[in-house]
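User: I am new to protein models and would like to learn how to read one feature by feature. Could you take me through this one slowly?

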Amino acid sequence: MAEEELSSSLEFTPTWVVAGVCFVIVLLSLFAERGLHKLGKYLLHEKQDALYEALQKLKEELMLLGFISLLLTVTQRSISRICIPAHVATHMLPCKRETAEHKTPAHYFLNHSTNNGRRLLSSETTSDHCQLKGKVPLLSLEGLHHLHIFIFVLAVVHVIFCVSTMVLGGARVRQWKRWEESIQKDRRSGKSTAQVGHHHRAFLKERADGYWRRAAIISWMIAFFKQFYGSITKSDYIALRQGFIKEHCPGNPDFDFHKYMMRTLEVDFRKIVGISWYLWLFVVLFLLLNVDGWNTYFWLAFLPLILLLLVGAKLEHIISRLAQDVEQTGVRANEGATRVRPSDEHFWFNKPRIVLNLIHFILFQNSFEIAFFFWIWSTYGIHSCIMEKLGYIIARLIMGVIVQVLCSYSTLPLYVIVTQMGSKFKEGMFDETVHGAIGIWAEGAMSKSDDSKRSSSHSMHKMINNEASTTVDVAEQEMVVMERTINVLPCQVQPPSSS
């Protein structure tokens, strides 16, 4: 055994083998890097900002995975040489251990009959090291290798699922562009008031007519089923658009609401495509609870579907609540007197941001289910004990498809328009140029104020103090003007066209 291990080290490996393998690895890495770079330039040229941001997030995830890979590679021998008592290794197993396995503690994650028979270098030596102490390894080299592959597959599948969801959901939202164009056309022809009033009354009739709609149970039931068909109609769009413009841009009735929504979607997309720390914590928790007999993998498949249906029903319920608030004013005929009034009060804990966090978790959970399935299938086979029964496998895959389709074509478009009904407009109100200019302006005004206050504290003469205080007042006035400008800009500056 010692001779085999010695002959497999780099000291006794032909140089042409080492150089050839390094050349191939470096060449493939360079091709991948340049390919991603070219793809990024192409997306920028085609003005596909959302896909470009997804590509940047993918690069970040690959960098994080590279660090995880390096960490596992450096520490795998040390981890595998940590020994624990044999009786401790028999608790909380994902699969039942056969009687014969008690004699060969080389693998503690799954049954030998279900894995692919792979053996890594020095695994037997590590096992012998612990056997001499009457113990077993904490985690074998093979288990570390499989864990490494799982983390990589999970991250890649999550990014792919997020990109596909945003692309499909964005395509659905782009279908509303014809409604925006119709509103602009009617306004130029002088028919805007009549058309808006007609759709406003239709919105109230569909969403608020009938006393029975105000009952909490009935209202939630209607909202639940509404998300499956015609979740957003033209009347809904026009009424919510008018409410947003009257609240945030009363001086600009021609504000392009659709372009604004698309920009906010791209901003939110940059945030949910990544894997946050709490999502990694969820992975660790699942690996802990994936115990034989608990059927954790099966029951966990229902979690994203339940959350998705709850979020969709909540968003539909918010639209109904907004219509009911208008209905309670008692003046339905005059659209100018009654309009949708955006408010954070209709969202959970008065925070529209919670909806985005839930969608982020749902997308990750769904991608986790699919990634875990393919990882188990490719590593241990379709008949692995973790896969459980064939019926469970089919049910999980069907639920994964349902979640992906429903989130893309219903929940995400609902989120895009309903979360605009908060008390404040979202980050995507400005393009990057305006946003950067406002940031520089704010920093300059703040630094001028700080410098003036600092100089006034060290001044010795009254005249200098007066000049410094005057400068502070000017800086504070600039800050006030800046805040007012931030509130007024949406009413004067049109979002730049993405075409």
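Predicted model: local features only at pLDDT ≥ 70, side-chain atom pairs only at ≥ 80, totals over all residues.

User: Where is F349 found?

Analyst: Residues are numbered from 1 along each chain as its sequence is written, and side-chain values use heavy atoms, with hydrogens and water left out. Helices (H or I, at least four residues) and strands (E, at least two) are DSSP runs, numbered from the N terminus. F349 is found in the loop between α13 (302–327) and α14.

User: What is the phi of F349, and how should I read such a value?

Analyst: The general idea is that most residues other than glycine have a negative phi. F349, although not a glycine, has a positive phi of about 55°, and N350, in the loop between α13 and α14, has a positive phi of about 60° without being a glycine either.

User: Is F349 buried or exposed?

Analyst: Buried means under 20% relative accessible area, exposed over 50%, and partly exposed in between, with a 1.4 Å probe and protein chains only. F349 has 72% relative accessibility, so it counts as exposed, whereas N350, at 45%, counts as partly exposed.

User: How many helices and strands does the chain have, and what share of its residues is buried?

Analyst: The chain has 17 helices and two strands, and 43% of its 499 residues count as buried.

User: What does a nonpolar core look like here, and which residues have the most contacts inside the largest one?

Analyst: A nonpolar core is a set of buried Ala, Val, Leu, Ile, Met, Phe, Trp, Tyr and Cys residues joined through side-chain atoms within 4.5 Å. The largest one in this model has 92 residues, and those with the most contacts inside it are Y237, F368, F372 and I417. Helix α14 (residues 353–380) supplies the largest share of this core, namely 15 residues. Domain bounds come from an automatic or database domain assignment; domain 1 (6–95 + 129–139) and domain 2 (158–430) both give residues to the core, so it lies between them.

User: Which residues does I417 touch?

Analyst: Contact means heavy atoms within 4.5 Å. Not counting residues up to four places away in sequence, I417 touches W176, I232, Y237, L240, F257 and M261.

User: Which residues touch T411, and is T411 buried or exposed?

Analyst: T411, found in helix α15 (residues 390–418), is buried, with a relative accessible area of 0%. Leaving out residues up to four places away in sequence, T411 touches L308, V311, G312, L315, I359 and L406. S408 lies in helix α15 as well and is buried, with a relative accessible area of 0%. Beyond its neighbours within four places in sequence, S408 is in contact with S164, T165, L168, G169, R172 and P413. The C-alpha atoms of S408 and G170, which are 238 residues apart along the chain, are separated by 8.2 Å.
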